[in-house]
Amino acid sequence: DKVFFFAAYEGQRSKLPNPVVLNSLPFAPAAIQTLLQPKVASYDISRQQDTLLGKVDFNLSEKDQLWFCFNQQNFTGTNLENSGTLSAEEHTGNSNVKTSTLTAAWVRSMTPKWINEFRFQFSRDQEPGLANTNSPEVAVTANAGGFNDGTFSFGRNNFSPRETTITRYQFINSQTYLAGPHTIKYGLDILIDRIFNFFPGLFGGSYTFTSYANLAAGTPSRYRQSFAG
């Protein structure tokens, strides 16, 4: 009756194919067929997640209880940054999540009617999005041989790589007083978040071509690029 333990684990694994369909490619100029043929290969989208929970409770005395709880989540989303039948594998990337949380609490019964509870939490949530290539993004209208496939994209997508990381500290102290038929509770809650956000949209450049012929000639209809700051 002094120490209690609890632990749990959960895992997830899944994999789905992402076909790339470009029916108009056989009617494109030979140079474009050579360029795009490797980029229309199908690829897999997979999810791998592991979560772990551990908790320990201590009965220090009749007046003092202490507990610690730790949570860990690791998630890897392969090729989740972008997908679809008109998006090449190099136009996507991994979407990952790694979250760690440590929580502790100390409850003390100072008198039968007066209780103090102190809680502490530390957590860090990291969510980077990765890119499969460093080449500029290219979007080309795939329309040839009577097929109108839409806009096919390859190269690095215009929002990866990216990252959001939040580091949190929380301190809570509350007291409860039992006054006859009344319960009085008061306390203090301090929450500190440190947020890092990196989102460099379009910093690698993005070309738009209105046809296979324009792509072969190297004459885009539009070019966009953003810069740091």
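Buried means under 20% relative accessible area, exposed over 50%, and partly exposed in between, with a 1.4 Å probe and protein chains only. The model is predicted: local features need pLDDT of at least 70, side-chain atom pairs count only at pLDDT 80 or more, and totals for chains, interfaces and linings use all residues. Residues are numbered from 1 along each chain as its sequence is written, and side-chain values use heavy atoms, with hydrogens and water left out.

**View 1. The aromatic pair of Phe122 and Tyr169.** Rings of Phe, Tyr and Trp (its six-membered ring) pair if their centres lie within 6.5 Å; planes under 30 degrees apart count as stacked, over 60 as edge-to-face and the rest as tilted. The count by this rule is 7 aromatic pairs. In the tilted pair of Phe122 and Tyr169, the distance is 5.3 Å centre to centre, with 55° between the planes. Phe122 belongs to strand β5 (residues 114-129) and Tyr169 to strand β8, so the pair ties together parts 47 residues apart in sequence. Strands (E, at least two residues) are DSSP runs, numbered from the N terminus. Tyr169 is partly exposed at 31% relative accessibility, and Phe122 is partly exposed at 22%.

**View 2. The hairpin of β8 and β9.** Strands β8 (residues 162-179) and β9 (residues 182-198) run antiparallel and are joined by 17 bridges; two strands pair if DSSP finds at least two bridges between them. Phe171 has Ile190 in β9 as its bridge partner. Between the strands lie 2 residues, and Gly180 takes a positive phi near 60°.

**View 3. Strands β6 and β10.** Strand β6 (residues 137-144) runs parallel to strand β10 (residues 206-209), with 4 bridges joining them. Opposite Glu137 stands Ser206 in β10.
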